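Please keep the sequence and the model in view while reading.

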Amino acid sequence: MSNETVRGDAFENLLREERQFAPSQEFAAVANVHEEIYAEANADRVAFWAEQARKHLTWSKDFTQTLDWSNPPFAKWFVGGEVNAAYNALDRHVEAGLGDRVAIHFEGEPGDTETITYADLTERVKRAANAFEALGVAKGDRVAVYLPMIPEAVVTMLACARIGAIHSVVFGGFSAEALRSRIDDAEAKLVVTADGTFRRGKPSPLKPAVDEALSESGHTVEHVVVVERNKQDVAWTEGRDLRWSEVMDSASPEHTAVGHDAEHPLYILYTSGTTGRPKGILHTTGGYLTQCAFTHSAVFDLKPETDVYWCTADIGWVTGHSYVTYGPLVNGATQVIYEGTPDSPHQGRWWEIVQKYKVSILYTAPTAIRTMMKWGSDIPAQYDLSSIRVLGSVGEPINPEAWMWYRGAIGGNTAPIVDTWWQTETGAIMVAPLPGVTATKPGSAQVPLPGIAVDVVDEAGNSVPNGHGGFLVVREPWPSMLRTIWGDPERFKDTYWSRFEGTYFAGDGAKKDDDGDIWLLGRVDDVMNVSGHRLSTTEIESALVSHPWVAEAAVVGAADETTGQAVVAFVILRGEADLPTGEDATDAIVQTLRTHVGHEIGPIAKPRHILVVPELPKTRSGKIMRRLLKDVAEGRDPGDATTLADPTVMQKIAEDLRN
Ligand code: PRX
């Protein structure tokens with residue numbers, strides 16, 4: 001953990017927030033869950049989850065024990081139970097006569113559309129399951145998925161789940177290098193990708209990154225299945241590469257789903273931590289699906305018969321896993337999947353989509369809300385958004401101004417906003433208002449969900465009283481908790497369970513207000529949050545120092561009005577390096593290093609600013625004082641630098657920046 005402290009002054013302002021928005025009587029009366037649910041869960045937390053598991057899922061074999069916590073922090077939920085995720089998301093709805101219900105309204109970037117019913121989706125997943133099996137993918141094998149936001153992404157994930165293969169989705173914005181390290185770490189047997197996607201009306205390639213990732217020998221990949229999405233010519237490795245259409249057309253549409261053990265691994269999803277290497281977060285089947293389905297129903301008040309739900313997250317992030325693929329489909333929802341960006345071909349694209357499909361539940365990130373706010377309220381005002389009845393927010397703290405704008409400009413001043421706190425590791429929502437119960441406060445995620453034991457503690461792990469701040473922890477195991485870090489159980493223990501012995505430490509700072517409501521204050525470790533994307537300072541530092549010009553690098557997340565944080569890097573160049581010279585030398589160096597980070601990790605990790613400095617501020621024990629760099633990056637006077645090994649360093653940096 002770094003020496004950064006919780007941002008106290010920001011909280012003082014939040015505490016002055018007195019606005020509250022109680023649910024309307026009409027909403028509350030027909031809400032999926034009511035106030036009593038908290039008491040029910042409090043009375044017997046474990047029994048509560050057993051009830052949710054049986055209510056929301058169809059088990060092939062019932063479980064005999066709800067929770068086995070005999071070997072913490074390694075939890076087993078729904079012991080002895082067997083369940084198939086794909087059967088729950090698909091077949092059972094068709095068997096219940098809902099085959100004609102729309103599962104996915106797909107809106108392609110160029111404007112092409114597709115309406116996919118539950119019957120259609122089930123058939124596609126059955127074909128894909130047969131196809132993957134025919135390619136030698138067996139239960140427990142890993143499948144890397146590197147796809148745009150197209151229906152095939154959902155089909156691939158569910159086909160893997162159906163046959164018990166473990167998917168590892170890699171965000172399409174990550175580079176070949178990032179993809180390679182994830183393929184290698186998971187030892188994937190199959191990669192599913194696309195020729196490419198579209199960005200701002202133009203084809204944007206994906207397959208070349210897969211080719212590059214697999215260019216060196218030593219990997220475990222046997223086949224690459226390529227969805228023909230943007231129909232561009234791509235290089236082809238005969239024998240290894242296969243066309244999605246051919247593979248699926250020749251596969252049988254019949255496939256029987258068998259139940260997998262409740263603790264059978266469902267997927268690995270890599271996320272950035274405080275060290276250079278991304279962690280493969282492992283989620284298993286029964287507990288994960290239970291909490292996804294329960295939260296998707298309770299927090300969004302989903303009415304599957306009438307709602308049209310749209311979560312704007314990409315499938316490459318956990319939000320796309322839990323609230324595009326698993327939660328909504330297990331609940332039989334109708335949802336929108338959109339391939340493109342919010343401003344292409346115009347800044348009203350999202351609202352056009354809401355109007356077109358009559359979206360009633362919208363789930364997005366504060367960074368998007370702030371961007372739209374900047375574009376102006378007159379843009380959403382041109383569309384009929386009256387279908388909207390619940391709004392969700394996720395990924396970073398939402399500032400009260402953005403919250404109020406969201407409620408007014410998008411929610412017609414009536415739709416409740418649910419600010420949902422959770423993480424890749426938690427698998428599903430942990431802290432959020434319940435829209436028919438909680439009087440919401442702009443900027444606060446407020447209350448732990450029923451059955452979830454979240455607390456805010458001080459340095460010693462003691463619960464803080466109302467009105468105080470500290471660290472967010474989870475005191476009791478929860479169904480969708482990560483089970484381990486793929487291949488590294490020790491790292492799992494160290495990272496999450498050692499700061500406060502026996503308690504899950506989330507890495508977030510938080511405060512309780514006078515009512516005991518929780519306000520998230522951002523990360524207290526070296527993890528940054530840029531546009532709701534999680535990035536590691538150390539990972540970007542490693543990328544920078546892997547360039548021959550760079551001797552040392554320090555990266556900080558500087559506050560940014562729109563993106564939450566922006567990546568700012570401080571680098572020391574190697575004296576002996578063959579550096580560009582001349583007037584534009586610094587610009588050339590900075591451009592080269594930005595491109596290099598893009599190549600190592602992906603465009604999202606490119607620093608907004610790179611500052612070339614003569615030295616970095618370090619403590620006497622050699623630790624970089626990122627806090628001081630953050631002050632500089634955010635335009636503040638770093639103040640007291642006396643703990644530094646060389647107290648004049650900050651002066652040198654400041655002078656250098658002025659020149
Ligand atoms: O800092 C918290 C922030 O996002 C982190 C988790 O990032 P990731 O694993 O990528 O998952 C994002 C989507 C669930 C958390 O540690 N975060 C997430 N939601 C919120 C949030 N911070 C404040 N308020 C939220 N609602």
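The model described here is a predicted one.

**The ligand and its surroundings**

- The ligand is surrounded by 17 residues, and the closest are Asp-419, Thr-420, Thr-424, Asp-508 and Arg-534.
- Asp-419 places a polar side-chain atom 2.7 Å from a nitrogen atom of the ligand.
- The backbone contributes as well: a polar backbone atom of Glu-396 is 3.3 Å from a nitrogen atom of the ligand, and a polar backbone atom of Pro-397 is 3.5 Å from a nitrogen atom of the ligand.
- Taken alone, the ligand exposes 540 Å², of which the protein buries 96%.
- Two or more residues of the shell around the ligand come from each of the elements α12 (318-330), β20 (417-420) and β25.

**Helix α12**

- Helix α12 is mostly covered, with 13 of its 13 residues buried.
- Gly-332, which comes just after α12, takes a positive phi of about 70°.

**The open sheet of four strands**

- Four strands form an open sheet in the order β21-β22-β24-β25, and their pairing is antiparallel.
- At the edges of this sheet are β21 (454-457) and β25 (518-523), each of which pairs on one side only.
- On average, and with direction ignored, neighbouring strands of the sheet are turned by 45° against each other.
- Strand β24 (residues 504-512) runs antiparallel to β25, and four bridges join the two.
- Within this pairing, Lys-512 has Ile-518 of β25 as its bridge partner.

**The open sheet of eight strands**

- A further open sheet has eight strands in the order β12-β11-β8-β6-β7-β14-β15-β23, and its pairing is mixed.
- Its edge strands are β12 (241-243) and β23, and each pairs on one side only.
- As background, the strands of a sheet pair through backbone hydrogen bonds, in either a parallel or an antiparallel sense.

- Strand β15 (residues 279-284) is mostly covered: six of its six residues are buried.
- Which residues of β15 are buried on each face? Lys-279, Ile-281 and His-283 are buried on one side, and Gly-280, Leu-282 and Thr-284 are buried on the other.
- Strand β14 (residues 265-271) pairs with β15 in the antiparallel sense over six bridges.
- Two of the residue pairs can be named: Tyr-270 has Gly-280 of β15 as its bridge partner, and Ile-268 has Leu-282 of β15.
- Strand β23 (residues 484-485) also pairs with β15, in the antiparallel sense and over two bridges.
- In that pairing, Ile-281 stands opposite Ile-485 of β23.

- Strand β9 (residues 196-199) and strand β10 (residues 202-205) pair in the antiparallel sense over four bridges.
- Phe-198 has Pro-203 of β10 as its bridge partner.
- The two strands, β9 and β10, form a hairpin with two residues between them, and Arg-200 in the turn has a positive phi of about 50°.

- Helix α8 (residues 176-186) contains Ala-186.
- Is Ala-186 buried or exposed? Ala-186 counts as buried because its relative accessibility is 1%, where buried means under 20% relative accessible area.
- Between Ala-186 and Ile-518, the separation is 332 residues in sequence and 36 Å in space, C-alpha to C-alpha.
- Helix α18 (residues 537-545) has seven of its nine residues buried, and therefore it is largely enclosed by the rest of the structure.
- The buried residues of α18 are Thr-537, Thr-538, Glu-539, Ile-540, Glu-541, Ala-543 and Leu-544.

How values were computed
Residues numbered from 1 in each chain as written. Predicted model: local features only at pLDDT ≥ 70, side-chain atom pairs only at ≥ 80, totals over all residues. Heavy atoms only, no water. Buried < 20%, exposed > 50% of the residue type's maximum accessible area, 1.4 Å probe, protein only. Pairing = 2+ DSSP bridges. Axes fitted to C-alpha atoms, helices over the stretch in contact; angles between N-to-C directions. Near = heavy atom within 4 Å. Polar contact = N/O pair within 3.5 Å; in protein donor to acceptor, adjacent residues only side chain to side chain. Areas by Shrake-Rupley, 256 points an atom, 1.4 Å probe, with all protein chains shown as cover.
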